[in-house]
Amino acid sequence: MQPVFVLVHSPSVGPSTWQPVAEHLTAAGYRVRVPSLLHIGAGAPPFWPRIAEAVRDDLRQVPAGSPVTLVAHSNAGLFLPVIRSSLDHPVTGSVFVDAALPAQIGPIPVAPPEVLEFLRPMAANGRLPRWTDWWDEADIAPMFPDPLVRRTVTEEQPTLPLSYYEQHIPVPDSWDDHPCSYLQFSPAYDGLAAKARERGWRVARLPGAHLHQLVDPAGTAGHLVELATTM
C-alpha cells in the first residue's frame, strides 16, 4: 500500500505553501493530506500539542492502518517527533524539507537565543508581524513565482505570538528509529543538511529559495516520491 503523503507546513506560514506540490502528487496518483496549522497560535502556550492534534485530527480522513509519510517544511521539522508519537497511523518515513532538525534527545527550543533577540523588538502586544514582514523585499520577492501566489501566501499567514517561538518542544525517545531523509533548497540550510547526512540520512538538493516548493512544485514532488520510495 502506498503511503499517504502528509505535507506539514511551517506554522509561520500556511497550507497554501504546500498546495502546488499536493496537486502534483495527486495528479501522479498519490494520496495527500495538507493539515492546516493556522489556528495553533490561539490561546496560551504550550502550542506544540495543538500542532500534533491538528495533524492527528486531519488524518481521521485516512483509513486506520494506512501508512503515512510525514513531510515537514521549515520549523515544522521540530514538531515531527511529537506529531509521529501522537498518530495511530504507521509512519513509514519522515522527510525534512529545508527544515529545522529535532534534537535526538530533547527538549528543544523553537528559536535559539539569537533569533529571539531578533524577534522581541518586533512584537506588539505579545504578537509578531506576519513572517514575510520580517524580511527585506529583496529577500522575500524571489521566494514567489508570481504576484498571485505571493498574495495568497501573504494574506493567509498568521500573526503568531512571541511565546510560540519561546516554547520548548519535547522530543520522544527513539523518535528517529524509522527512515528519515532531508531535501535542501537554500544555502542557509547547508549546516542542517550536513547534520542530516551525519545522522546517516539520505540528503537531496533542489537549489532555490526557502519557499522553492512554490517555484518548482513538480521538482519538489518528484524528490519527495524518490525519497519516500528509497525508504
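Biologist: Let's start with the largest cavity. How much space lies in it?

Modeller: Here's the general idea: rolling a probe the size of a water molecule over the atoms shows where empty space is left. Keep in mind that this is a predicted model. In this case, the largest cavity holds about 30 Å³ of space. Searching the whole structure turns up one cavity of 30 Å³ or more.

Biologist: Which residues line the largest cavity?

Modeller: Its lining is made of Ser12, Leu128, Pro129, Arg130, Trp131, Trp134, Pro158, Leu160 and Tyr165.

Biologist: Now the largest pocket. What is its volume?

Modeller: The largest pocket comes to about 800 Å³. It has 29 lining residues, and Ser74, Val115, Trp135, Tyr189 and His210 are the ones nearest its centre. Two elements give two or more residues to that lining: β5 (108-109) and α4 (113-119). The largest share, three residues, comes from α4.

Biologist: Let me try a single residue. Is Asn75 buried or exposed?

Modeller: Asn75 has 11% relative accessibility, so it counts as buried; the cut-off for that is under 20%. You'll find Asn75 in the loop between β3 (68-73) and α3 (80-86). Setting aside neighbours within four places in sequence, Asn75 is in contact with Ser10, Pro11, Ser12, Ala100, Tyr164 and Tyr165.

Biologist: On to strands. How many residues of β7 are buried?

Modeller: The general idea first: in a regular strand the side chains alternate between the two faces of the sheet. Strand β7 (residues 180-184) has five of its five residues buried. Cys180, Tyr182 and Gln184 sit on one side, with Ser181 and Leu183 on the other, and both faces are covered.

Biologist: Which strands pair with β7?

Modeller: Strand β4 (residues 91-97) pairs with β7 in the parallel sense, over four bridges. For example, Phe96 has Tyr182 as its bridge partner in β7. Strand β8 (residues 202-205) also pairs with β7 in the parallel sense, again over four bridges. There, the bridge partner of Tyr182 is Val203.

Biologist: And through which helix does the chain cross from β7 to β8?

Modeller: The chain goes through helix α8 (residues 190-198), and this β-α-β crossover is right-handed.

How values were computed
Residues numbered from 1 in each chain as written. Predicted model: local features only at pLDDT ≥ 70, side-chain atom pairs only at ≥ 80, totals over all residues. Heavy atoms only, no water. 1 Å grid on protein atoms, 1.4 Å probe; cavity = no way out; pocket = protein on both sides within 12 Å on 5 of 7 lines; lining within 4 Å. Points joined across faces, edges and corners; volume = space filled by probe spheres on them. Buried < 20%, exposed > 50% of the residue type's maximum accessible area, 1.4 Å probe, protein only. Contact = heavy atoms within 4.5 Å. Pairing = 2+ DSSP bridges. Right-handed = clockwise from strand over helix to strand, strands pointing away.
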